[in-house]
Amino acid sequence: MAESPTLGLLSRSVRARRGRLAASVVLALVSAAAGIVTPLLIARILGVIGGAGGDVVWPVAQLVVIVLAGAFAGGWSSYLLSAAGERAIEDVRLAVVRRAVRLRVPVIRRIGVGEVVSRMGPDAAQMRAITDTGVTVMPVSAVMVTAYLIVMGILDWVMLAVTVGTFVVAAIAIRAFLAGMRRAAEAQQAALGRLAQAAQSVFTMVTTVKAYRAEDRAIAPLEDEIGEAAASAVRSARAQAAISPLMGLGQQVAIIGVLAVGGVRLASGALETTAFIAFLMYLFQLVNPLMALAQGAGRIAVGKAAARRVDEVLGAETEPAGAARTPEVAPGAPALRLSDVEVSLGGKPVLDRVSLEVPRTGVLAIVGPSGAGKSTLLNVVEGFVETEAGRVELLGVPLQEWPTAEVRRRVALVEQGSAILSMSVRENLALGRSDSPSDDELWSALRDVGLEQAVRALPAGLDAVLGAGDQMSGGEEQRLSIARALLIDAEVLLLDEPTAHMDGVNERRLTDLLAALGRDRAVVMVTHRLSTVAAADTIVVVDAGRVTAVGDHGTLSSASPAYQAFVHAQAAPDPVGA
Ligand SMILES: Nc1ncnc2c1ncn2[C@@H]1O[C@H](COP(=O)(O)OP(=O)(O)OP(=O)(O)O)[C@@H](O)[C@H]1O
Ligand SMILES: [Mg+2]
């Protein structure tokens with residue numbers, strides 16, 4: 001149990017509700033005891049009516065009370081059990097969502113976003129079986145079966161032997177079907193996970209799908225997974241459908257056997273009629289806890305298979321919290337220093353012995369062809385990719401000697417492309433803040449990136465929810481991401497192609513803003529725009545994962561062929577009529 005974090009979590013969840021679960025078990029036992037006593041009372045009443053004589057009112061009154069108490073206890077028990085099961089599901093979902101968001105970035109990418117979501121949805125829902133069935137239904141049913149068998153043995157051990165023999169044969173057959181049911185359930189869970197993963201990709205890109213009239217092709221993998229999920233569910237249903245008839249068959253055979261054996265024993269006088277009737281009633285009732293055991297075993301197997309899937313998230317590696325305390329910053333150290341950093345992604349070398357210093361102040365531009373490794377370089381600083389070799393220092397201290405949260409407080413990243421969450425403008429802007437910035441502060445950041453008018457034009461202004469009712473243009477979203485970074489007032493500002501979607505006015509405004517910010521902090525910017533590059537204090541040329549030149553516009557223009565090629569390509573007039 002210890003090696004599965006999910007089962008560990010469930011056992012804690014059960015322990016936290018042990019009072020209610022114990023009450024549920026006691027109530028279930030009360031209900032079971034009522035079930036066990038009922039046939040004896042009925043047999044006694046029949047005996048009285050049948051001529052044995054005696055008071056009939058008292059046993060009938062007893063019967064009524066016991067039947068009512070049994071029904072009430074049974075209902076209450078099942079309510080308590082369901083409630084505990086639902087709370088266990090809640091615990092699993094909370095644990096998954098809290099853990100998943102803290103996993104290392106490569107781990108989240110490896111598992112897949114849709115797959116993570118499926119762990120919170122259908123997989124967590126299966127956990128209920130482990131709590132309700134495992135904790136109460138199974139033990140209570142086992143106690144009931146034992147009690148029935150004892151009472152039946154006391155009534156007549158020969159008929160008991162016939163009964164047990166028959167049900168053992170039925171149980172062996174049922175076991176084989178349970179194994180099939182478990183395999184089918186595992187296949188179904190896997191298919192639902194892949195479905196969530198595929199659906200996530202199609203529906204986030206739904207406009208692209210439509211633009212290319214690819215609706216049918218895009219959903220083909222989804223249809224396959226839906227088909228696979230259904231096929232495994234049908235296989236599971238087939239196996240499950242066999243359980244009840246097998247149990248029924250066992251019961252029928254047992255009844256025939258008991259009637260035959262009992263008949264002989266009645267005739268020989270070894271058995272009383274009332275005992276015979278009581279035995280038969282027990283035999284009819286015995287099938288209920290036996291069914292509960294068989295179906296419970298199936299549900300638990302399915303739940304454990306889901307628990308193994310949830311383990312993939314709960315057991316995966318989270319981001320290291322880093323050092324406990326903020327280190328002493330080395331005076332005069334550069335903002336960032338990368339020494340011989342090597343990164344491979346998907347088995348492919350992406351950064352090759354990259355060494356680079358980012359001064360404490362000023363604007364540093366990174367240029368290079370697409371796929372050169374520029375974004376990867378920024379991701380290294382944030383700890384989003386694994387470095388295979390080399391050293392990364394922030395303010396003279398290696399990254400691993402910093403608390404991770406402190407690194408991210410001091411380094412602000414504006415990612416390539418849109419990075420807007422479906423929250424309000426205000427929440428998007430304040431994402432990096434632990435306090436609530438004032439409206440003035442928010443408007444000032446929006447003004448800095450030229451977004452004030454656009455947000456004022458939204459009916460709900462700062463409280464407009466993006467992605468739900470209100471949408472922004474690609475360039476506006478990008479500027480909102482920049483405003484968000486400005487609001488954490490970081491010592492190092494990393495921007496990945498911030499001007500990619502900007503018009504000339506906004507580009508000019510951003511270049512001026514970054515130059516101003518560079519007076520008291522380090523601004524690192526990946527960009528293809530010559531005008532922005534030329535204005536930078538330092539330019540770093542990256543090509544095929546290597547730093548090929550470092551200098552300012554003047555020196556690189558004369559000394560670096562790679563930079564000359566970049567300038568030439570950017571400055572070349574657009575081919576006309578091509
Ligand atoms: N998760 C990943 N798995 C495998 N390869 C990756 C991964 N991320 C990036 N790469 C590869 O690493 C190389 C560098 O990617 P990177 O995003 O750093 O390039 P870039 O210089 O930012 O390019 P661009 O200018 O197009 O944004 C590319 O060849 C890319 O295919
Ligand atoms: Mg990039």
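**Exercise 1. Count the aromatic pairs in this predicted model, then describe the one formed by Phe72 and Trp76.**

Start with the rule: rings of Phe, Tyr and Trp (its six-membered ring) pair if their centres lie within 6.5 Å. That gives three aromatic pairs. Next, take Phe72 and Trp76: their centres are 5.8 Å apart, with 50° between the planes. Planes under 30 degrees apart count as stacked, over 60 as edge-to-face and the rest as tilted, and this pair is tilted. Now look at where they sit: both are in helix α3 (residues 57-100), four residues apart, so about one helical turn separates them. Helices here are DSSP runs (H or I, at least four residues), numbered from the N terminus.

A word on the ground rules: residues are numbered from 1 along each chain as its sequence is written. Local features need pLDDT of at least 70, and side-chain atom pairs count only at pLDDT 80 or more.

**Exercise 2. Is Phe72 buried or exposed? And Trp76?**

Cut-offs come first: buried is under 20% relative accessible area, exposed over 50%, partly exposed in between (1.4 Å probe, protein chains only). Phe72, at 57%, counts as exposed. Trp76, at 43%, is partly exposed.

**Exercise 3. Work out the surroundings of Arg309.**

Begin with its place: Arg309 lies in helix α10 (residues 273-314). With 10% relative accessible area, Arg309 is buried. Then list neighbours, using contact (heavy atoms within 4.5 Å): leaving out residues up to four places away in sequence, Arg309 touches several residues, including Glu115, Asp123 and Gln189. Finally, zoom in on Gln189: the Arg309 side chain reaches its backbone oxygen at 3.3 Å.

Terms used. Chains are lettered from A and ligands numbered from 1 in the order in which they are written. Side-chain values use heavy atoms; hydrogens and water are left out. Helices (H or I, at least four residues) and strands (E, at least two) are DSSP runs, numbered from the N terminus. A polar contact is a pair of N or O atoms within 3.5 Å; within protein, one must be able to donate a hydrogen and the other to accept it, and residues adjacent in sequence count only if both atoms are side-chain atoms.
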